Amino acid sequence: MTPRRQQILSTAADLFAARGFHGVSMGDIGAAVGVSGPALYKHFAGKEDILGQCLMHASDQLLAGARELLSDGGMSSAVGPGLEDAVPEGALEALIARHADFALDNPALIVVQEREWGALGADTRAQVRKRQLAYIEVWCDALRPLRPDLSAGQARAAVQAAFGLLNSTPHSARIGRDAMRSLLTRMARAALLP
């Protein structure tokens with residue numbers, strides 16, 4: 001993704017989070033990035049496309065990051081040298097930490113995902129949902145070896161409940177980033193593991 005395109009998406013997410021999708025025009029987004037509204041059509045088909053790209057890009061980042069963490073090279077750096085026996089728990093710890101960082105660093109995207117889902121067209125919703133379901137499955141692959149007592153459906157439900165906790169940051173991050181990250185990761189771990 002080009003830096004300009006990323007700037008537009010980031011700015012649009014901030015505006016959508018602050019004013020709602022219907023409270024923001026292409027002109028508003030253009031003005032915020034220093035171009036005319038019509039100039040945005042060079043990059044996107046319209047406002048709904050911008051919203052969809054915001055959510056798809058966020059889902060792609062989470063999914064790619066999770067897959068990288070669980071790859072052989074990613075886990076060795078995530079859990080550190082000499083901790084090969086801790087890889088299953090280390091994998092879940094790494095996923096929790098990465099998602100907490102994402103949520104703390106991208107509160108506008110969390111708000112937009114939660115509040116503007118209905119503004120997406122059916123095709124875009126399906127594309128975003130496909131990515132989200134793949135992300136859930138990566139987490140389930142890390143959780144199930146640690147929680148063999150959970151069925152596949154229970155593991156998915158537990159993971160999604162943990163996402164709810166981690167994604168509470170736009171509403172709950174009032175104690176400073178480091179303290180909030182520590183609290184979120186401890187709470188998510190406690191929610192997922194006995």
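This is a predicted model: local features need pLDDT of at least 70, side-chain atom pairs count only at pLDDT 80 or more; totals for chains, interfaces and linings use all residues.
Helix α1 comprises the 17 residues 3-19. At 1.5 Å a residue, a helix of this length should span 24 Å, and the end C-alpha atoms of α1 are 24 Å apart, which agrees with that expectation. The buried residues of the helix are I8, L9, T11, A12, A13, L15, F16 and A17. These buried residues pack against three other helices, namely α2 (26-33), α3 (47-70) and α6 (107-115). Helix α1 is followed by G20, a residue with a positive phi near 85°.

Residues 25-44 carry the annotation "DNA-binding region" in an unreviewed UniProt entry. Over this stretch the chain is 40% helix and 0% strand, and its end C-alpha atoms lie 13 Å apart.

K47 is located in helix α3. Although K47 is buried, it takes part in no salt bridge. The nearest side chain of opposite charge belongs to D28, at a distance of 7.5 Å; because a salt bridge requires the nitrogen and oxygen atoms to be within 4 Å, D28 does not qualify as a partner of K47. The side chain of K47 instead reaches the backbone oxygen of V24 at 2.7 Å. When residues up to four places away in sequence are not counted, K47 touches F16, F21, H22, V24, S25 and M26.

The model contains nine salt bridges. In one of them, the side chains of D101 and R181 meet at 2.5 Å, N to O. D101 lies in helix α5 (residues 87-105) and R181 in helix α10 (residues 177-192), so this pair ties together parts that are 80 residues apart in sequence. Both residues are partly exposed, D101 with a relative accessible area of 23% and R181 with one of 27%. D101 and R181 also belong to a network of salt bridges that links them with D105 and R177.

E116 pairs with R115, the closest N and O atoms being 3.2 Å apart; E116 is buried, with a relative accessible area of 7%, whereas R115 is partly exposed, at 42%. The side chains of D149 and R147 meet at 2.8 Å, N to O. In this pair the acidic residue D149 counts as exposed, at 53% relative accessibility, while R147 is buried, with a relative accessible area of 14%.

Technical notes. Residues are numbered from 1 along each chain as its sequence is written. Side-chain values use heavy atoms; hydrogens and water are left out. Helices (H or I, at least four residues) and strands (E, at least two) are DSSP runs, numbered from the N terminus. The expected span of a helix is 1.5 Å times one less than its number of residues. Buried means under 20% relative accessible area, exposed over 50%, partly exposed in between (1.4 Å probe, protein chains only). Contact means heavy atoms within 4.5 Å. UniProt positions are given in the numbering used here, feature names are shortened, and annotations may be inferred rather than shown by experiment. Lys and Arg count as positive and Asp and Glu as negative; His and the chain ends are not counted. A polar contact is a pair of N or O atoms within 3.5 Å; within protein, one must be able to donate a hydrogen and the other to accept it, and residues adjacent in sequence count only if both atoms are side-chain atoms.
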